[in-house]
Amino acid sequence: MTLDVLANFIDGQYCPPVNGHYIDNIEPATGQVYGQVPNSDDADVEKAISAAQRALPAWQTMPLEQRADILYAIAKGIEARLAELALAEATDNGKPVTLATNVDIPRAASNFKFFAHACTQFASESHNMASTAVNYTLRQPLGIVACISPWNLPLYLFTWKIAPALAAGNCVIAKPSEVTPKTAAMLGEICHVAGLPAGVLNILHGSGTSAGSAICNHPEVKAVSFTGGTATGAAIASQLAPKFKKLSLELGGKNPALIFADCDFEQTVEEVFRASFANQGQICLCASRLYIERSIYEKFKQALIAKAKALQPADPLLADTQMGALVSKPHMEKVMHFIDLAREEGGNVLVGGEQVQLAGRCENGYFLQPTIIEGLANSATCNQQEIFGPVITLQPFDSDEEGLALANDSQYGLASTIWTTNLSRAHRLSERLNTGIVWINCWLLRDLRTPFGGMNHSGVGREGGEEAMRFFTEPKNVCVKY
Ligand SMILES: NC(=O)C1=CN([C@@H]2O[C@H](COP(=O)(O)OP(=O)(O)OC[C@H]3O[C@@H](n4cnc5c(N)ncnc54)[C@H](O)[C@@H]3O)[C@@H](O)[C@H]2O)C=CC1
Ligand SMILES: O=C(O)/C=C/C=C(\O)C(=O)O
């Protein structure tokens, strides 16, 4: 088999890493090496910074309509290559190709469309001081910024950062996860064809410790937008805080679902199941701690078990597959380790908990059954640490106050869901849940204008809409005396 050897995209051209070093790219569904990813370092970052510096003056002063047209053209370019990108994403990540086709790649196009429009609507504020002076606030591009993204929603999250950064008039050095680099590599060509000037977006590949760290620490990089694990976010924050760079950190979650006896039972089972196991449970927003009102606990549990048994992992490249492979062997081992810990800590594995071996092409892939565990204390490791896989825990509760206390008993604070037909209860609880996002009777229903992000160990700052445009710009107040 010929290996798919990827290249960096710098100054509008594909080029190999200066050091000549590569990392193997493994297909999770087969466990086979199928490509090579550059392991870039400081030398490649220097090249990218020089290209960005050359491109910046023209890009930041380009008329907004022209900038927006280029971003729209990138969206169209993504849409035109939907099938090819979806296949690449499913191969690289192990996610079902249907999911990539219906969710990941369309959202990547939407990210560019949304911020193409947003940059034409982003207005500066003014504050009048009666009969004295007027202030107006310029929001100017920061210059060169870094976008670092993870492997779980590769093109979706890569573009969720790059699109607002470009829309705000910055030049970007972007690094996808070294575990899922393929669609990010393809984005370079799409941007080139769409007319994005050379050097405005530079895509570097490589590990976090080599390429990621070199990008974030470069003195010309004014801001870092990062999505990934909490420990990595903490390491980046501790390195960059003394350098006074702007930081947006979207980190892990341990998301509670509060399920009340008065919920719409069938719809809630359906949606909570999706919230738990979509993308093999590898979305920072996935529900992982399910609190179920005691009077419906047994019925709800049995409904979830039945659905989990019916969801069999299969080859991600088949059109009817609903559950694919976990992203890598180390990640699958990490998830299995959490399941072992749950057993040690007194948990009862109701369904799943084992690796699944498929036949044929996928016999060495990283497949795991949807796993449901009950009987763990809220303080147990699996109720406190992010697993980031197809594993959920169930606990009963008896009152709103108890459910709320259990939900808030976490160092994380990303997303919670409430399932009830009593909307006044839902609003009251929403005010008191310590998460950046609350979904009531839905999950991952996204309006790209809304603030997106978490509190506590789930991160700092918000993405989306105006929040993202503000993050990627520097406000400058001008005061004019009458
Ligand atoms: N959105 C989320 O909440 C995500 C959470 N995770 C969690 O994080 C755990 C670790 O997964 P990893 O793949 O190791 O994710 P990670 O957080 O280490 O990697 C995310 C991105 O950061 C880069 N990176 C790593 N170290 C860096 C550094 N020092 N400076 C700059 N960039 C750096 C990586 O190369 C990748 O592009 C997972 O098991 C999961 O629990 C992983 C991916 C996404
Ligand atoms: O913006 C969204 O719709 C989803 C974002 C998801 C993540 O940030 C994640 O899973 O890491």
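Modeller: A residue counts as near a molecule or strand if its C-beta atom, placed from the backbone, lies within 6 Å of it. The model is predicted: local features need pLDDT of at least 70, side-chain atom pairs count only at pLDDT 80 or more, and totals for chains, interfaces and linings use all residues. Residues are numbered from 1 along each chain as its sequence is written, while chains are lettered from A and ligands numbered from 1 in the order in which they are written.

Colleague: Which residues are around ligand 2?

Modeller: The residues around ligand 2 are P150, N152, L153, L157, W160, T227, E250, I283, C284, L285, R446 and F452.

Colleague: How many residues of each class are in the shell around ligand 2?

Modeller: Ala, Val, Leu, Ile, Met, Phe, Trp, Tyr, Cys and Pro count as nonpolar, Asp, Glu, Lys and Arg as charged, and the others, Gly among them, as polar. The shell around ligand 2 has eight nonpolar, two polar and two charged residues. At least three residues come from each of domain 1 (4–251 + 457–481) and domain 2 (255–447), with bounds from an automatic or database domain assignment.

Colleague: How is a sheet to be read, and in what order do the three strands of the open sheet stand?

Modeller: Strands of a sheet pair through backbone hydrogen bonds, either parallel or antiparallel. A strand is a DSSP run (E, at least two residues), numbered from the N terminus, and two strands pair if DSSP finds at least two bridges between them. Here the order is 6-7-23, with antiparallel pairing. Strand 6 (126–129) and strand 23 (473–481) are at the edges, each with a single partner strand, so one side of each has no neighbour in the sheet. From one strand to the next, the twist averages 20°.

Colleague: How many bridges join strand 7 to strand 23?

Modeller: Strand 7 (residues 133–141) is joined to strand 23 by nine bridges. At one of these positions, T137 has N477 as its bridge partner in strand 23.

Colleague: Is strand 20 covered or open?

Modeller: A residue is buried if 20 or more other C-beta atoms lie within 10 Å of its own. Strand 20 (residues 415–419) is mostly covered, with five of its five residues buried. A415, T417 and W419 are on one side, S416 and I418 on the other, and both faces are covered.

Key. Helix = DSSP H or I, 4+ residues; strand = E, 2+ residues; numbered from the N terminus. Axes fitted to C-alpha atoms, helices over the stretch in contact; angles between N-to-C directions. Buried ≥ 20, exposed ≤ 12 C-beta atoms within 10 Å, placed from the backbone.
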